[in-house]
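I am opening a notebook page on a structure that is new to me.

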Amino acid sequence: MRDEDFDFISDLLLTRAGLGLTPERAYLLEGRLTPIARNRDMADVEALLTRARTKPDDALSAEIVEAMMVRETSFFRDRAPFRQFSDIILPDLIKSRAREGRIRIWCAGCSTGQEPYSIAMLINDRAEELTGWSVSVMATDMSGRAIETARKGYYSQFEVQRGLPIELLVKHFSRRRSKWEINDQVAGMVSFHQHNLLDGASQFGEFDIIFCRNVLTYMDDSIKDSIFVSLSETLASDGYLFLGIGETTAGLADRMKRAHGLLGVYSPLPENFRLANTG
Ligand SMILES: C[S@@+](CC[C@H](N)C(=O)[O-])C[C@H]1O[C@@H](n2cnc3c(N)ncnc32)[C@H](O)[C@@H]1O
């Protein structure tokens with residue numbers, strides 16, 4: 001790949017999505033961008049990138065960024081975080097939010113919906129206890145394609161076999177043709193929106209729990225911290241942030257701490273701690 005093409009595409013991914021593209025990952029470009037070149041009757045990826053570089057075209061740039069997204073996900077991915085959510089964190093919030101009767105959850109970078117639907121199924125398990133409560137799951141992703149798929153809630157046999165326990169499949173999905181469709185009750189608990197984490201989050205109000213798992217891994221370090229700050233600012237002072245296993249809030253040690261005994265879960269530090277440390 002020519003240097004000018006590599007520089008163009010890494011700049012595009014960084015400014016539009018916060019994604020870092022290292023030269024080692026450049027091999028991905030060929031496979032991901034060839035279908036776009038073909039659809040546009042261009043000879044190859046080099047021709048595509050020359051066009052994108054020399055004739056600015058917003059739709060083409062968006063299509064290139066969309067093609068480079070990593071949308072890997074599955075139901076109950078990594079299991080432990082969901083166990084912690086249903087056994088420890090949800091019961092804790094049911095106690096602490098008893099007066100308001102309201103819990104707000106944000107699933108940021110939700111990909112094709114398996115993660116927010118997993119959360120909704122666990123909330124549904126406590127439907128009786130939560131009668132009269134308002135419990136909402138807002139799920140967002142910058143990929144329009146991912147959000148469209150998520151809204152349909154329509155998954156292949158392969159997708160449901162990846163992590164979804166059979167009893168939950170039978171309880172919450174209906175067979176339609178060769179696929180499985182999520183039932184209205186669980187689907188109705190989740191609202192999907194296209195949203196870019198680079199655009200901040202203050203417009204959404206405060207959340208009790210934020211899931212932002214396996215999203216920041218792909219981001220450039222310069223962007224990661226500012227997204228962490230905006231996530232921490234929309235989190236309730238006694239709320240919880242779920243990151244992917246292996247992701248950390250490095251660089252934000254003055255804002256978030258690892259929730260005691262929990263894997264991949266962080267909670268905000270009190271503001272006076274922050275002030276004392278920014279002195
Ligand atoms: C690897 S998937 C993770 C999905 C899910 N959270 C999980 O852990 O299974 C990462 C998702 O982050 C989304 N994403 C990447 N950059 C984003 C950004 N700047 N704003 C919002 N979503 C973004 C991608 O479109 C993709 O769907």
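**Entry 1, the chain as a whole.** How many helices and strands are there in the chain? I counted through the predicted model and noted 12 helices together with 10 strands. I then looked up the extent of the chain, and its C-alpha atoms fill a box of roughly 60 × 60 × 30 Å along the principal axes. For 279 residues a compact globule would have a radius of gyration near 19 Å, and because the chain has 20 Å, I wrote down that the two agree.

At what angle do helix 1 and helix 4 pack? Helix 1, which covers residues 3–17, packs against helix 4, residues 58–68, at an angle of about 85°, and their axes are 10 Å apart. On the side of helix 1 I listed I9, L12, L13, R16 and A17, which meet S61, I64, V65 and M68 in helix 4. By class, the residues of this contact of helix 1 with helix 4 are 7 nonpolar, 1 polar and 1 charged.

The next pair I looked up was helix 2 (residues 27–39) with helix 3 (residues 45–54), whose axes are 9 Å apart and which pack at an angle of about 75°. Helix 2 is therefore roughly perpendicular to helix 3. Helix 2 brings L29, E30, L33, T34, I36 and A37 to the contact, while helix 3 brings V45, A47 and L48. I sorted the residues in the contact of helix 2 with helix 3 into 7 nonpolar, 1 polar and 1 charged.

Which residues of helix 5 meet helix 6? They are F82, F85, S86 and L90, and their partners in helix 6 are S118, I119 and L122. The contact of helix 5 with helix 6 holds 5 nonpolar and 2 polar residues, and no charged ones.

Last, I turned to the ligand, which is surrounded by 23 residues, the closest being T73, G109, S111, M142 and L197. Sorted by class, the shell around the ligand has 9 nonpolar, 8 polar and 6 charged residues.

Key:
Residues are numbered from 1 along each chain as its sequence is written. This is a predicted model: local features need pLDDT of at least 70, side-chain atom pairs count only at pLDDT 80 or more; totals for chains, interfaces and linings use all residues. Two residues are in contact if their C-beta atoms, placed from the backbone, lie within 7 Å. Helices (H or I, at least four residues) and strands (E, at least two) are DSSP runs, numbered from the N terminus. Ala, Val, Leu, Ile, Met, Phe, Trp, Tyr, Cys and Pro count as nonpolar, Asp, Glu, Lys and Arg as charged, and the others, Gly among them, as polar. A residue is near a molecule or strand if its C-beta atom, placed from the backbone, lies within 6 Å of it. The radius of gyration is taken over C-alpha atoms; the globule rule is 2.2 Å times the number of residues to the power 0.38. Axes are lines fitted to C-alpha atoms, for helices over the stretch in contact, and angles run from 0 to 180 degrees between N-to-C directions. Angles under 35 degrees count as roughly parallel, over 145 as roughly antiparallel, 65 to 115 as roughly perpendicular and the rest as oblique.
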